[in-house]
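Hello,

Here is the structure I promised to pass on, together with some notes on what turned up in it. Please have a look at it first, and then read on.

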There are 2 protein chains.
Amino acid sequence: MESYADRLVKSIDEKGNPCIVGLDPRLDQMPDFSISEDKHCSEAVSSSITEYHRTIIDAVRDIVPGLKLQIAFYEQYGLAGMEAFYETVRYAKKNGLIVIVDAKRNDIASTAQAYASAFLGRSSIFGNDEPIIDADCMTVSPYLGRDSIEPFVDACARYGKGIFILAKTSNPGSADLQDLEAGKERKRIYLHVAGMVNAYADKLIGSSGYSSIGAVVGATFPEEAKALRRLMPKSIFLVPGYGAQGGTALSAAACFNKDGYGAVVSASRILTYGFAKDTTKKQFIEGVRSRTEAMAKDIKEAIGAKG
Amino acid sequence: MESYADRLVKSIDEKGNPCIVGLDPRLDQMPDFSISEDKHCSEAVSSSITEYHRTIIDAVRDIVPGLKLQIAFYEQYGLAGMEAFYETVRYAKKNGLIVIVDAKRNDIASTAQAYASAFLGRSSIFGNDEPIIDADCMTVSPYLGRDSIEPFVDACARYGKGIFILAKTSNPGSADLQDLEAGKERKRIYLHVAGMVNAYADKLIGSSGYSSIGAVVGATFPEEAKALRRLMPKSIFLVPGYGAQGGTALSAAACFNKDGYGAVVSASRILTYGFAKDTTKKQFIEGVRSRTEAMAKDIKEAIGAKG
């Protein structure tokens with residue numbers, strides 16, 4: 001079984017691009033072409049989101065290695081949103097894209113096991129082990145400590161999947177707890193998390209040299225990213241915050257190793273929103289594609305300039 | 001609009017009991033009476049979980065103030081599990097029970113807003129603001145800091161809802177980050193979180209004197225609970241860990257104020273599992289009810305002894 005890290009690195013190579021598109025459904029900001037004609041129909045929410053995301057996937061499938069689905073934006077639309085989530089995951093996988101679910105789940109061990117089964121592994125349903133979401137990778141919060149992370153690590157080993165553990169997130173409030181200097185060595189909390197990540201990462205290194213256990217490191221904190229890059233040399237970073245949150249290509253580039261690998265940079269709003277309501281499907285496809293190409297160029301130049 | 005805290009305190013008074021039942025669907029451990037006859041029918045998962053939880057609600061609705069639904073155990077069964085989740089929330093509310101969803105959600109502000117809409121508030125669907133899960137309360141993780149918590153606090157104020165922010169969780173791994181001594185005062189991370197919780201709590205105090213912004217404090221750490229009780233005098237604690245995780249009534253009692261209020265103690269496995277497969281519905285109802293009554297007696301005696 002090929003490891004998640006190896007599949008991701010291979011896909012980055014094939015597409016020549018370490019940038020991924022984030023999918024955050026916001027019904028009120030989608031162009032009209034994707035909105036179901038009969039809004040009173042019970043399936044209008046699910047079919048509108050699905051159509052919107054299929055269009056994005058069609059626009060970028062040959063130029064990006066994967067997608068990041070922010071599950072909160074699907075959950076906000078209830079069961080209909082979750083139907084669209086499952087349908088989008090299916091369509092992305094069918095198109096050979098790596099599916100990363102940004103879920104930031106975490107709980108005590110027995111509950112973390114249920115989340116790991118839901119997102120990465122299999123669940124026992126009337127005696128049969130069945131895949132549920134079957135994503136390639138998900139994000140995991142570290143607040144509950146090691147025993148809350150291990151069920152996810154085990155699922156990665158067993159099913160060829162990956163996780164990104166939150167280390168230093170892209171938001172301003174990440175300073176509140178993550179930046180506190182703690183413990184005997186008085187090192188910041190996100191560095192403690194990096195130590196945990198690196199220990200798990202060492203156990204799941206693929207033939208690419210990279211591990212399926214990675215970390216979330218915001219593009220908004222380049223100095224912190226440099227320190228984290230040194231502490232977790234084998235981990236791939238999921239790098240949010242480029243664009244709408246103020247992260248630049250230069251700061252995102254700090255998350256890469258000298259070999260040009262080691263991170264995937266994710267952007268959502270700047271790639272898929274801000275289109276006029278009357279944008280046609282064709283214009284939307286061209287727009288999303290050209291924005292995604294521009295971001296890839298920006299990031300690749302910054303990595304090159306740094307290298 | 002009555003605040004969440006006031007509704008919870010009133011319900012605790014009416015039932016004369018601060019203990020709540022946790023619902024964690026595990027298909028392979030449910031007695032046969034609740035399992036749908038046609039397991040190959042696409043609705044078998046959802047109808048089995050729903051039947052199981054309706055039976056539990058029927059068994060305890062007059063003796064407990066509320067329920068805690070652990071959403072991970074529903075998510076592990078995919079869309080069918082989520083259908084059962086929505087149906088269980090509906091049935092619990094119809095029976096006048098306070099619904100707490102243990103979801104431990106957290107994300108950057110714009111995403112936290114989507115979670116807050118999903119669980120507590122309303123989502124804009126084709127121009128209409130519609131309730132989605134519409135729970136009374138949910139659990140929230142603090143790892144991303146203040147800006148990640150504020151959208152939940154705002155939803156509590158606007159919709160009369162509540163949150164429990166994770167402070168000191170019940171699992172052994174909670175020591176890994178939560179117990180680290182941090183910052184200038186070298187105080188433990190869970191104490192930093194307590195400071196954040198208390199600041200939010202002060203803004204949402206109801207006529208009961210209690211706030212709708214509470215904290216999760218495990219029944220497994222009584223010394224930590226005493227310190228947290230002093231630091232968050234107006235917050236209600238959600239206390240997991242009694243029973244299966246080794247927490248005792250005496251240690252849970254440390255989470256209560258001298259007025260006998262200030263906490264709800266939750267148990268799941270010890271109340272609803274461990275029944276033989278051939279347990280009849282009648283036996284199951286009697287069993288769940290007598291276990292719940294025994295737990296309530298145990299907790300109330302410990303609060304009284306401490307008083």
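Let me begin with Lys104(A), which lies in strand 3 of chain A; helices (H or I, at least four residues) and strands (E, at least two) are DSSP runs, numbered from the N terminus. Before going further: this is a predicted model, in which local features need pLDDT of at least 70, side-chain atom pairs count only at pLDDT 80 or more, and totals for chains, interfaces and linings use all residues. Residues are numbered from 1 along each chain as its sequence is written, chains are lettered from A and ligands numbered from 1 in the order in which they are written, and side-chain values use heavy atoms, with hydrogens and water left out.

Lys104(A) is not a glycine, yet its phi is positive, at about 50 degrees. Most residues other than glycine have a negative phi. With 7% relative accessibility, Lys104(A) counts as buried (buried means under 20% relative accessible area, exposed over 50%, partly exposed in between, with a 1.4 Å probe and protein chains only). In chain B, Asp134(B) also has a positive phi without being a glycine, at about 60 degrees. Asp134(B) belongs to the loop between strand 5 (128-131) and strand 6 (137-140) of chain B, and is partly exposed at 23%.

Now the fold of chain A. Eight strands form a closed barrel in the order 1-2-3-6-7-10-11-12, with parallel pairing (two strands pair if DSSP finds at least two bridges between them). Neighbouring strands of this sheet are turned by 30 degrees against each other on average, direction ignored. Strand 2 (residues 66-70) and strand 3 (residues 98-105) of chain A are joined in the parallel sense by five bridges, and Leu69(A) has Val101(A) as its bridge partner in strand 3 of chain A.

Ala267(A) sits in strand 12 of chain A and is buried, with a relative accessible area of 2%. Apart from neighbours within four places in sequence, Ala267(A) is in contact with Ile20(A), Val21(A), Gly22(A), Tyr242(A) and Met295(A) (contact means heavy atoms within 4.5 Å).

Over all chains, the whole structure holds 16 aromatic pairs (rings of Phe, Tyr and Trp, the last by its six-membered ring, pair if their centres lie within 6.5 Å; planes under 30 degrees apart count as stacked, over 60 as edge-to-face and the rest as tilted). Phe33(A) and Phe284(A) make a tilted pair, because their ring centres are 5.3 Å apart and their planes stand at 55 degrees. Phe33(A) lies in the loop between strand 1 (19-23) and helix 2 (44-60) of chain A and Phe284(A) in helix 12 (residues 281-306) of chain A, so the pair ties together parts 251 residues apart in sequence. Phe33(A) is partly exposed at 23%, whereas Phe284(A) is buried at 0%.

Finally, how do the copies meet? Of the interface residues of chain B, 100% are also interface residues in chain A, so the copies meet through the same surface.

Best wishes

Key: Axes fitted to C-alpha atoms, helices over the stretch in contact; angles between N-to-C directions.
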